[in-house]
Amino acid sequence: GETKNKLDGLSVCERMQKEKQPVVGVATVFVSWFLDTPLTVLLDALEQYLAQHPELPHDTCFWVCDFVIRQGAAAKADVDLLGECVRAVGHTVLLMEPWHDPTPLRRAYCVKEVYHTQASGAHFAVVMGKAQQQAFEKALVKDFQPIKMNMSRVDVRLAECRKRAEQEKILRELDEAVGLTQCNKVVMGLLWDALAAQGRAALERLLRGYEEASAELLAEVAAHGEAARTRPWWSRLRLRPLLGYRSACASLHRTMLEHVLPAQAGSSVKVQRRAENGTERVRYVLRDDTMDGDIEDKVADADQQSPQAAEQGEEEDTASKARALVVLLRQLSTATPWELEAGAATATGQEGTGSFEQWLERTPKLETPEYEVVFNDPAGAFEVRKYAPYSVVQTGGDSSERRSGNSYFFALAGYIFGKANVEQEKMAMTTPVQVDRRTGAMSFIMPSKYWGEEALQAAPAPTEDAGVRLQSRPGETIAVSVFGGYARGRAVAERTEALLSALKQRDDMEVVDPSEIRLMQYNDPFTVPWKRRNEVSVPVVMK
């Protein structure tokens, strides 16, 4: 107990380590908290933090002052080293208890710990118990203003200690180090960043049900979007990043209406349901997207919709909006709603104006066949590439059996991910996905260790029911035209026509076979339109 600690001068952790108890180790997370907070509350918050961050080791050790600081005469020396401890651990969490008026921010030692976190470049986050987290998220949905108001009351000068002398010492140290005004800015900056991360995490939890994109969720996003649009301009000024869930919904709604739905316009969206590990999964499929939709719908637009599709009206509109929302929600793990909106606005009107090098920015960091550019069209309509040999796994191409694009996709993915090859080898994804426009055959690029006829012999054979085949591709020379957005039937047809027309104007090259058009799609079906890279190609011979 405490009396024993004072007698031997050891901390609780030192004594446990001396007794060789396995629960003591090198701290990797420093905990800043108010000592009068019940220990059960702290434990609940740390358990929540570990649950929300599965990347942390299962044996993560937390630096908690009551258990680490020595008692008796040595205590003062340990407390004086708090800044060094924060720096050495490199990862600080602040207990937000209660979330709407966190007590630690009124304690001088906690403020000092937060300051040293920023000064040392350590990682910073806030932690809350389960009940506090739920209350925080409810407030986030309702309005961020109360949170903002409470945080704005934080003032380093008002931070207290049990002993007046310690309070004055800490404030003097901070004033000498950076000045109390600047210290306030530092603490507030870290808090805003941490709370923003909490807000983004709450939004990302929508991803757990993103495939459903329920009518309720659509209605909620639309309601906040319309409310933001109809408010007077001065009231919209506060609907900025970090100010809440309503602002995020409004941003998503604008991006959906202005940048995703126009890219889907004229194509119906099919809702597909399938069982996966006992759970029904839902996909919203753009029917005339070559990779994800129905291959037979090669060319489709609003004028070609069937009377039956037109009668479905409202249902089609809901499915289209659901797909658009799914596309945006899937981006929230890497970007905020406001970053998505800004990126879409910047990209608007730039399609077709960039060089081939700029299109590389839209290419996933995946393995792709090697090639050399041997000719650039002066008008920018195409480039000619000389490819080295590579290999593919392919399905389809039999005119007697034409299936949907995503059924081909899943068949190929089954082989690549080990479910449909005899050795159950899991291979890394590659890019692009290729589709032969004449036969409908779809191909995935094999990993480079299997490129070439000889190397391909070592690749695992497909299972009997895989429905795929392996194929070695010799070196080839092809003319390539690149475009963005979705690779929908009409867009592909128009780009193909433009490529063949441009090639006809050239006397220094000849198209081998104008029917051998290959579509190459570099992104997954749910990449936003303004970040997509697609290409159409045709074999050529340089004269």
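Biologist: What should I know about the model before reading residue numbers?
Modeller: Residues are numbered from 1 along each chain as its sequence is written, and side-chain values use heavy atoms, with hydrogens and water left out. The model is predicted: local features need pLDDT of at least 70, side-chain atom pairs count only at pLDDT 80 or more, and totals for chains, interfaces and linings use all residues.

Biologist: How many salt bridges does a search of the whole structure find?
Modeller: The search finds 14, a salt bridge being a side-chain nitrogen of Lys or Arg within 4 Å of a carboxyl oxygen of Asp or Glu.

Biologist: Which residue pairs with Glu476?
Modeller: Arg518 does, with the closest N and O atoms 2.9 Å apart. Glu476 is in strand E13 and Arg518 in strand E15, 42 residues apart; strands are DSSP runs of at least two residues (E), and helices of at least four (H or I), numbered from the N terminus.

Biologist: Are those two buried or exposed?
Modeller: Both Glu476 and Arg518 are buried (buried is under 20% relative accessible area, exposed over 50%, partly exposed in between, with a 1.4 Å probe and protein chains only).

Biologist: And what about Glu425?
Modeller: Glu425 forms a salt bridge with Lys449, at 3.3 Å between the closest N and O atoms. Glu425 is buried at 16%, whereas Lys449 is exposed at 54%.

Biologist: Which residues are linked in a network of salt bridges?
Modeller: The network links Glu383, Arg385, Arg533 and Glu535.
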